[in-house]
Amino acid sequence: MSQQGYVAAPPYSQAQPGMGGYPSGYGATPAQPMYGHYGAPAQAFSAPPTGVAKGPVATPPPVSQYGSPLQQNGAHTQRFPPPAAGPSPFGPPPQVSYQSMAPQVPPPTQQLANQMGAMQIGNYGQMPQAPPSSASQMSPPPTMSQPAPPSMMSHQAPPSMMSQPAPPSMMSHQAPPSMMSHQAPPPMMSQPAPHPMMSQSGPMAPGPQTPPMGSPPPMGAAPPMTGMMSGPPPMGGVGFQQHPGQGGPQGFPQQPGPGPYGGPMGAPQSGFPGAFQGGAAQMAGPPQKKLDPDSIPSTTQMIEDDQAKRGGQLYTTNVRGQVPPLVTTNFTVQDQGNASPRFMRCTTYTFPCTADLAKQCQVPLATIIKPLATIPKNEAPLFMVNHGETGPIRCNRCKAYMCPYMQFMDGGRRYQCGFCNCVNEVPAFYFQHLDHMGRRMDVYERPELSLGSYEFIATLDYCKNNKLPNPPAYIFMIDVSFSNIKSGLVRLVCEELKTLLDNLPREDGVESSAVRVGFVTYNKILHFYNVKGALAQPQMMVVSDVVDMFLPLLDGFLVNYDESRAVINNLLDQIPDMFADTNESETVFTPVIQAGLEALKAAECSGKLFLFHSSIPTAEAPGKLKNRDDRKLVNTDKEKTLFQPARGVYESLVKECVTQGCSVDLFLFPSQYLDMATMGHLPTHTGGSVYKYNNFQAETDGENFLSDLRKDIEKPIGFDAIMRVRTSTGFRATDFHGAVYMNNTTDVEMASIDCNKAVTVEFKHDDTLSEETGALMQCALLYTTVGGQRRLRVHNLSLSCSGQLSELYKSCETDALTNYFAKSAYRAMLNQPLKTVREILVNQTAHMLACYRKNCASPSAASQLILPDAMKVFPVYMNSLMKTLPLVGSSELSTDERAYQRLTMLSMGVEDTQLLLYPRLIPVHTMSVDSDVIPAAVRCSEERLTDGGMFLLDNGRGLFLWVGQACPPDLVQSLFNVPSVAHLPADLSSLPDLDNAHSKKLRSIISSICEQRPNSMKLVVVRQKDRPEVLFRQLLVEDKGLHGGASYMDFLCYVHREIRQLLT
């Protein structure tokens, strides 16, 4: 990058356009031209008349790629004439370094220097210095490897308590500070970002000041959150203090005397809390250039603090609207009337009383429900309630099930429903006297009266055709085409099934599983096997008519494993040899699922199909697919078509499968494009799972795949499920996000649901809620167990309601909010351009935080960024979400990979999305071999990596072990059994089993992490500066994205700017 000298530019010169590498276009429809991304041709604008100031606006003006015109510090916010119509200059963001900037824009180093010089660290009234006179004062931009200067936060202050006057060079035409919006360019990867908590403001004249427009009086009582510190801003003597003699930013000479606008002010200025008490030592010299990234809110710190405060404690659920510990915290739940947070988590535990309040704050009201979540061994399992032939007791009007929110009256003869207020008669067999408090005498003897979660045994009324269901069946369908035989997959599956079938899921306390099994192999034709126990040999039947699929046998296809063990093992031995010489490479797909569906229909049971499939189905048959991977569509309005599934037979098959309770689990082994968007649609919407192993080889990927297969077969699961969410009056469930099928607006249908699947439910007001009664919700899941029993699982939750927005913000849960936004964005991308989806995410983030600032925070300078305590790390998650593969929009990325991540996210619970969007980065070189403690995670940024360190990164989908170039040889020897980092093999994917303390400790850390995850995780060992390091760096979510996307620091600056625009 050319290090040209500083040129004093007129105040209207353009800022570095674009922010952080996102494609342009965040924000509302542009009222002004948006600036292109880095490297786009410079646009010529006519200079506006001097001194024109922009009036207040009702809606935020658009930005560069996010939505507000980026400007250099000090430039006026001007209305530029729109450019002539023509082709849009905003293409995909370049993937190269930014060499091609327009010459009239100062280089980033200079712009950074401008911005840093303008940043007001010492005092609100400190005045700018004169610009440098020569290019010789410019020094090259700092790089990542340069040591950071000492932290500026030596005297910790709320980071928000800083304002920035405009840099001197831009001050030829001054406007009142409140009318100027100074927007700085985002720094490049190699440059430190400006501190996001410091915002830019115009120059201030000495003397008393009034707060700029946009800092309205508080309405709530919540203290403002400034960075990681809570409480109202301090008055006087604290802040960013400097020591004498610290150097100024590059390009700015030290100025001995006062600036052109007078000397620094000593006393706090009226209207600006937090100004410094004067003192020469504090004022000596301009600010340092590098800002401390530790001063912005830290996710790892928040996780540690919550673990320290609430970890290991008993969480009792007897309080309405209480906020549970974070998903990352280890705690024990005691159910005392509300469902455990393992089953239900909310975006906020205090709902606003009115629809107007909800609209004003824009915080989505949603609950993430994981009905069959695993309960830890140290917590009580769910109690079973059996009312015999009468079945569960329900409200006559709204059909809500008996729960702790029902109010008994009239001596116990009647009860009032807590959901619809209808008064019902108590059945004679259920009658019980009331105590002096009006509660039933048996309240603690009946789970449904005292607990938040419990199960009812369902009666025939809850079964299809009023007939008790048969136990489910598992059908294994193996693609025996050439690629699966060659990779060793078919032999691997057959060998594993011999032992795995002993572990089929069973009811608690039952010796053997009631699940029946069947087997099919296929390529372009299908082979069914009769494995009846009485046979000496398995029999094969071939169906070559794949257009009109039928089941060639009924008796002997679905069998009990224990009764047919010998015949099944015989078959599994024969299959790999039977097809060893095949040359058939074409496969069918939907006829295979149709065949499994017909088998379940014939057996009158629900069940699951396990497909082991290798390639895009190209054989002539229903569901044949063609390659539609057109990367030219990326970053166009047609990009959404890449993620839309093929219609026709795929749609009708989903409906048939859900009706029958036939779930599909798809294990894919592709070596090229296979249209994941279409093939993954079936499993996703039947409650199944998709697993993908690119370029599978049995030796390297076999263990990974087998681990997934074991977990998938053994996990707790329910079939033929239907879920309904009921609410008390005043609000209702309006939208459902997840791997579900909706036949109507209220019933969530799932062919199967397992312990890892979650559904996100959104609520809207239809009346005013009462603070006294709160908001009640009940999730009822009707399903068939693996033993063939029909059950009803009920989860109840009561939330608070308030007319004060501060109460809502106080009880928000960032991890649940992130889960909601991820699922709604991933659904929206099927119908809207990605640019629009990203805009909506940014705008909603800014709206939520601006509403807090306006209505809940104490009065303070508009330049402060004030965040609610419960949402202080929300921006890092939102920025990370926009850098995920589905939303990033780069033609370098595999379309299948993007579609795969989109589909897997849809059914994730809160703990899974939290880890995916903010991975754990564990410094394993600091681990103590004497203790069981895993080292504390560090922030997910390149700045935390050290050449002499070794870091383990876990995002819930995979594990990376990053080894620094200067890692101590003795540590490398003890872990890898090689003398130095240079001797590490290039494609290492496992740790050798060595008999030393370090090796045992690291392997135990990795195995404990893998046990907690729903899927297996492949370990990738990455050496610093090796090619695979790119995959690892993609997951450092606080840094700039490799395929576009801002760093956390840049995004926070950006959101702060948006908030200020909304407030003015």
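In which hand does H15 pass H17? In this predicted model, the crossing of H15 past H17 is right-handed. The two helices span residues 814-828 (H15) and residues 874-882 (H17). Their axes come within 10 Å of each other and cross at roughly 25°. The angle is under 35 degrees, and H15 and H17 are therefore roughly parallel to each other. On the H15 side, the contact is made by Thr814, Asp815, Leu817, Thr818, Phe821, Ala822 and Tyr826. On the H17 side, Phe874, Tyr877, Met878 and Leu881 take part. By class, the residues of this contact are eight nonpolar, two polar and one charged.

Phenylalanine 874 belongs to helix H17. Its relative accessible area is 0%, so the residue counts as buried. Beyond residues up to four places away in sequence, phenylalanine 874 touches Thr814, Leu817, Thr818, Phe821, Thr845 and Met848. Of the residues touched, Thr814, Leu817, Thr818 and Phe821 are also listed on the H15 side of the helix contact.

The burial of phenylalanine 874 extends to the rest of its helix. H17 is mostly covered, with nine of its nine residues buried. These are Phe874, Pro875, Val876, Tyr877, Met878, Asn879, Ser880, Leu881 and Met882. H15 is one of the elements that cover them. The cover also includes helix H3 (299-310), H16, helix H18 (885-888), helix H20 (910-917) and helix H24 (1048-1063).

The wider fold was examined next. The protein has 1064 residues, and buried residues make up 60% of them. Its secondary structure comprises 24 helices and 33 strands. Contacts between residues at least 6 apart in sequence were also considered; 77% of them join residues at least 24 apart.

The largest nonpolar core holds 125 residues. Within it, Leu526, Phe528, Leu611 and Tyr809 have the most contacts. Helix H16 (residues 834-855) supplies the largest share of this core, at 10 residues. H16 is also among the helices that cover the buried residues of H17. A further core, of 42 residues, lies apart from the largest one. Its members include Tyr474, Val559, Phe579 and Val786.

With neighbours within four places in sequence left aside, leucine 611 is in contact with Met477, Tyr522, Phe589, Val592, Ile593, Val664, Asp665, Leu666 and Phe667.

Most residues other than glycine have a negative phi. Glutamate 604 has 48% relative accessibility and therefore counts as partly exposed. A second case is lysine 1025, with phi near 70°, again positive in a residue other than glycine. Lysine 1025 sits in the loop between strand S33 (1019-1023) and helix H23 (1029-1033). Its relative accessible area is 60%, so lysine 1025 is exposed.

H21 passes H22 in a right-handed crossing. Leu971, Ser974 and Leu975 are the H21 residues that meet His998, Ser999 and Leu1002 in H22. This contact has three nonpolar, three polar and no charged residues.

Aspartate 987 lies in the loop between helix H21 (969-976) and helix H22 (997-1012). Its relative accessible area is 68%, so aspartate 987 is exposed. The C-alpha atoms of aspartate 987 and proline 1028 are separated by 9.0 Å. Along the chain, these two residues are 41 residues apart.

How values were computed: Residues are numbered from 1 along each chain as its sequence is written. This is a predicted model: local features need pLDDT of at least 70, side-chain atom pairs count only at pLDDT 80 or more; totals for chains, interfaces and linings use all residues. Side-chain values use heavy atoms; hydrogens and water are left out. Axes are lines fitted to C-alpha atoms, for helices over the stretch in contact, and angles run from 0 to 180 degrees between N-to-C directions. Helices (H or I, at least four residues) and strands (E, at least two) are DSSP runs, numbered from the N terminus. Angles under 35 degrees count as roughly parallel, over 145 as roughly antiparallel, 65 to 115 as roughly perpendicular and the rest as oblique. A crossing is left-handed if the near helix is turned anticlockwise from the far one by less than a right angle, and right-handed if clockwise. Contact means heavy atoms within 4.5 Å. Ala, Val, Leu, Ile, Met, Phe, Trp, Tyr, Cys and Pro count as nonpolar, Asp, Glu, Lys and Arg as charged, and the others, Gly among them, as polar. A nonpolar core is a set of buried Ala, Val, Leu, Ile, Met, Phe, Trp, Tyr and Cys residues joined through side-chain atoms within 4.5 Å. Buried means under 20% relative accessible area, exposed over 50%, partly exposed in between (1.4 Å probe, protein chains only).
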